[in-house]
Structures are given as structure tokens and as C-alpha cells.
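Colleague: Hi! I'm new to this one, could you walk me through it?
Modeller: Happy to, let's bring it up and start.

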Amino acid sequence: LGTCATVRSVRPDRRTSLHPKVKMASACVSMAAVRPTVARKVSLPKSRKAAVARRASVPVRAVGIEQEVALDEAPLTLLREGGEDDASSMRARFEKMIRAAQDEIVSAIEELDGQKFQEDAWTRPGGGGGISRVLQDGNVFEKAGVNVSVVYGQMPPEAYRAATGEGGAGKEMIPFFAAGISSVMHPKNPMAPTVHFNYRYFETDAPEGAEGAPRAWWFGGGTDLTPSYIFNDDAAHFHGTLKDVCDKHDETFYPRFKEWADDYFIIKHRMNERRGIGGVFFDDMNDRPQEELLAFATDMAGAVVPAYVPLVAKHKDDEYTETEKEWQQMRRGRYVEFNLVYDRGTTFGLRTGGRIESILMSLPLTARWQYDMQPEEGSREADALDAFRNPRTWVA
């Protein structure tokens with residue numbers, strides 16, 4: 001157990017807006033080092049819908065992911081040499097995209113915060129690896145992490161059949177490839193929002209001996225915002241930036257993926273509160289050429305900085321009270337609950353022996369659980385809670 005972060009820029013004279021119950025017993029915990037996730041809800045062909053449903057229902061079992069080997073510096077590529085992973089392959093092009101996005105986003109956050117990220121790099125003997133960059137207790141950010149990873153592993157045959165819709169009764173483990181970038185950033189100031197984003201590409205090989213069986217592949221990802229307090233113009237800027245990118249590729253994307261995000265980031269045991277105010281989220285995307293989906297994922301990753309950084313720059317020096325800091329810590333507790341209980345990426349990583357520091361990178365340094373906290377009616381906290389329980393339309 002630890003203590004909550006020190007409150008800075010406090011205005012002790014601001015009227016507290018939390019219900020008296022907010023003064024009851026509470027606890028703060030120190031959390032270390034995450035990674036984001038997956039969802040379900042898009043208009044898919046019936047055969048694909050069935051496959052998605054089957055995949056979601058397959059119990060997760062340990063897969064063959066080798067132990068990582070630490071490196072002194074990041075390699076030029078995390079891919080295996082030669083074969084299908086040459087420079088023209090989708091695997092290589094997606095890795096190039098996420099490595100460039102990591103550099104761009106880390107550079108923007110370092111410029112805003114004034115401190116540098118710590119970098120850890122590793123590989124695995126059979127290929128793959130990752131690069132984690134984390135900033136802790138900075139000038140602006142309590143914690144910010146941006147990870148890239150490339151994974152070669154083995155998945156159970158029932159998971160392959162659920163993913164592809166293929167029949168059969170084979171018992172051989174199925175080789176798979178996954179690459180992605182994931183990030184969560186938690187500012188210190190309760191007026192500045194937390195952001196999460198994740199973009200990924202996944203392939204499976206056909207099972208051994210299954211002649212003519214197709215290789216499965218898909219893209220997924222999304223970007224979402226978790227404020228402690230609602231600023232309508234901030235929400236409109238964030239959602240509007242994402243909508244502009246979506247509209248460039250397909251005008252149906254934003255309304256579909258905004259609804260999907262609202263439906264995914266639900267904390268069911270908290271009266272269906274959302275973790276935040278959403279954004280866009282998509283998964284299992286293989287309904288159009290890979291080139292188009294790579295371009296979409298690239299543009300979405302490129303929208304993170306313009307969608308998010310101006311909001312933190314705007315609010316990083318705002319004054320706030322101890323009560324407002326406590327509310328932020330309460331919302332951080334909800335963030336932890338969602339990630340550890342519902343987030344499919346986090347729970348999959350915990351069950352399958354992935355690199356624990358990278359898996360838990362997204363958790364905030366500090367969070368708070370307070371018994372029976374109820375915001376005062378009409379307060380800014382009550383307005384935020386209403387936005388989390390009842391998704392709003394931020395842009396037309």
C-alpha cells in the first residue's frame with residue numbers, strides 16, 4: 001500500500017461539491033506499470049459474426065510465447081529474418097508504422113512534460129519482442145507509457161476455428177503473429193484527461209495438414225478519452241479529430257466505432273458506468289483490402305497527438321482543490337477495475353504469461369477506493385458520472 005499523489009496548485013477556498021459521504025473511510029494504493037485491448041460490436045457478415053461470437057466464448061489457455069531476453073538498445077526490427085517477414089510484407093509494414101508512431105507520440109509527450117521516457121527493449125529466441133517506453137512522475141504526467149510489440153506464438157486449435165469459422169477436429173497448435181502499439185497516459189492535474197489507444201494487426205497460419213485452409217488476418221484498435229471532469233469543448237475537439245480521420249476513409253466508421261467504444265468500455269459491476277467518454281473502437285476488420293485498413297490504422301495512430309496533446313497543454317496548470325484530486329483518484333480506481341476485470345488484452349496477457357511490466361503498464365501510479373461515495377446532486381462530479389453512465393453525442 002502507498003499514498004496518493006501530492007496535490008499541487010490547490011485552491012483551498014473552492015467550495016467542495018462532493019456529498020458528505022465522500023468524507024468516509026478510504027484507501028489509496030500505489031500501482032505499478034498496461035496495455036489496452038479488444039471489443040465486440042460492429043456490423044459484420046453473418047459468417048463473421050458467428051466466428052466472432054465463437055472466438056469470444058473460447059476459454060483462454062496458455063499459448064506458446066517464449067521468455068523475453070533483455071536488450072541494451074532497441075533493434076532495427078523485431079521481425080524474424082527472411083521468409084514471409086520481408087520488407088514488403090504486411091507484417092513488416094505494420095511494424096514500421098507502429099515504430100514510427102511510437103517515436104512521434106513519445107517525442108510530443110516529452111516536449112510537453114519536459115522529462116524523458118525510460119526505454120526497455122527485448123526479443124524472444126524464436127522471433128518477436130517489444131519496446132516499452134514509460135515516463136513516471138514527470139512534470140505533467142503521473143505516468144505515461146507507449147509500447148510496441150511483435151509476438152510469434154502458438155494458439156489452441158479451438159481458438160483458430162473460432163477465429164476463422166473453419167470446421168475440423170485437429171489438435172495441433174496453430175502458429176500466430178501479432179503486432180501492435182498500445183498506450184495509456186495519466187496526467188497529474190485532475191482537469192487534464194487520461195487517454196488510451198491501441199492499434200494492432202493479427203495473423204494465423206493454417207493448421208498443419210489442413211490443405212486449402214485460409215490464413216486468418218484482421219486489424220483492430222481505437223482511441224478513447226477518460227476525463228475526471230467534463231469540458232464539452234474538449235470532448236468535441238477529441239471526438240471531432242477522430243471523426244475527421246474516420247470520414248476520410250468511410251463515413252460510416254465514426255458512428256459505428258463510436259457506438260462500439262461506448263459498448264465496450266463498460267464497468268458492469270458499477271451500474272454500467274463507462275470508463276470515460278469513449279472515442280472510437282474497432283476489431284476483426286478484414287472486410288476490405290489490407291492496404292486500405294493499414295492506411296486507416298496509420299491515420300488513426302497519427303491522430304493521437306492532435307486529438308489529445310492540446311487538451312493536456314490546456315489544463316496542465318489549472319488550479320484544483322483536494323476534493324477534486326480525490327475525485328480523480330476515485331476515477332483512477334474505476335480505470336483499474338475495468339482493466340483488470342474486463343479488458344481482454346490485459347486479462348489475456350495475464351493468463352498467457354506475457355511480459356508483466358508491459359501488460360500492466362497502463363495502470364496509474366495511484367488510485368483510490370472510497371466506501372459508498374456519492375457525488376452531490378448538481379455538482380461537476382455528478383455531471384461527469386452522468387456522462388459515464390449515459391453516453392453523449394459530442395459531434396454531429
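Colleague: How many residues are in the hairpin that joins β6 to β7?
Modeller: Six residues make the link in that hairpin. Do keep in mind that this is a predicted model. The two strands, with β6 covering residues 174-187, pair in the antiparallel sense over ten bridges.

Colleague: And which residue of β7 is the bridge partner of Ala-179?
Modeller: That is Tyr-201.

Colleague: What about β8, in which sense does it pair with β7, parallel or antiparallel?
Modeller: Antiparallel, over eleven bridges; β8 runs through residues 216-226. To find a spot along that pairing, look for Phe-197, which stands opposite Thr-223 in β8.

Colleague: Is β7 itself buried or exposed?
Modeller: Eleven of the eleven residues of β7, residues 194-204, are buried, so the strand is largely enclosed by the rest of the structure.

Colleague: Which of its residues point one way and which the other?
Modeller: Thr-194, His-196, Asn-198, Arg-200, Phe-202 and Thr-204 point one way, while Val-195, Phe-197, Tyr-199, Tyr-201 and Glu-203 point the other way, and all are buried.

Colleague: What is the strand order of the open sheet?
Modeller: The order is β2-β3-β4-β5-β6-β7-β8-β11, eight strands with antiparallel pairing. At the edges are β2 (69-71) and β11 (278-285), each of which pairs on one side only. On average, neighbouring strands of the sheet are turned by 15° against each other, direction ignored.

Colleague: How many bridges join β4 to β5?
Modeller: Nine bridges, with β4 (residues 128-136) and β5 (residues 141-155) running antiparallel. Within that pairing, Gly-130 has Ser-149 of β5 as its bridge partner.

Colleague: And what's in the loop between β4 and β5?
Modeller: Asp-137 lies there. Its phi is near 50°, a positive value in a residue other than glycine.

Colleague: Why would you point that out?
Modeller: Because most residues other than glycine have a negative phi. Asn-272 is another one to look at, with a positive phi near 60°. You'll find Asn-272 in the loop between β9 (266-267) and β10 (273-274).

Colleague: Let's switch to helices. Which strands does α6 lie across?
Modeller: It lies across β7, β8 and β11, running at about 20° to β8.

Colleague: And at what angle do the axes of α2 and α6 cross?
Modeller: At roughly 10°, with the axes of α2 (residues 90-113) and α6 (residues 290-302) coming within 10 Å. The two helices are therefore roughly parallel to each other. Residues making the contact include Met-90, Phe-94, Met-97 and Ala-101 of α2 and Leu-294, Ala-297 and Ala-301 of α6.

Colleague: Which residues of α7 are buried?
Modeller: They are Val-304, Val-305, Ala-307, Tyr-308, Val-309, Leu-311, Val-312 and His-315. The helix covers residues 304-315, and its twelve residues reach 17 Å from first C-alpha to last, close to the 16 Å expected at 1.5 Å a residue.

Colleague: What span should α8 have?
Modeller: At 1.5 Å a residue, the 20 residues of α8 (residues 322-341) should span 28 Å, and the end C-alpha atoms are 29 Å apart, which agrees. Of those 20 residues, 16 are buried, so α8 is largely enclosed by the rest of the structure.

Colleague: How does α8 sit against α9, and at what angle do their axes cross?
Modeller: The axes of α8 and α9 (residues 344-351) come within 6 Å and cross at roughly 55°. That makes α8 oblique to α9. In the contact, Asn-339, Leu-340 and Val-341 of α8 meet Thr-346, Thr-347 and Leu-350 of α9.

Colleague: Last topic, confidence. What is the mean pLDDT of the chain?
Modeller: The mean is 83, and 77% of the residues reach 70 or more. Over residues 1-62, though, the pLDDT is below 50, and this stretch has 181 contacts in the model beyond near neighbours in sequence.

Colleague: How should I treat a stretch like that?
Modeller: Where pLDDT is low, the predicted coordinates should not be read in detail.

Terms used
Residues are numbered from 1 along each chain as its sequence is written. This is a predicted model: local features need pLDDT of at least 70, side-chain atom pairs count only at pLDDT 80 or more; totals for chains, interfaces and linings use all residues. Side-chain values use heavy atoms; hydrogens and water are left out. Helices (H or I, at least four residues) and strands (E, at least two) are DSSP runs, numbered from the N terminus. The expected span of a helix is 1.5 Å times one less than its number of residues. Buried means under 20% relative accessible area, exposed over 50%, partly exposed in between (1.4 Å probe, protein chains only). Two strands pair if DSSP finds at least two bridges between them. pLDDT is the predictor's confidence in each residue, from 0 to 100. Contact means heavy atoms within 4.5 Å. Axes are lines fitted to C-alpha atoms, for helices over the stretch in contact, and angles run from 0 to 180 degrees between N-to-C directions. Angles under 35 degrees count as roughly parallel, over 145 as roughly antiparallel, 65 to 115 as roughly perpendicular and the rest as oblique.
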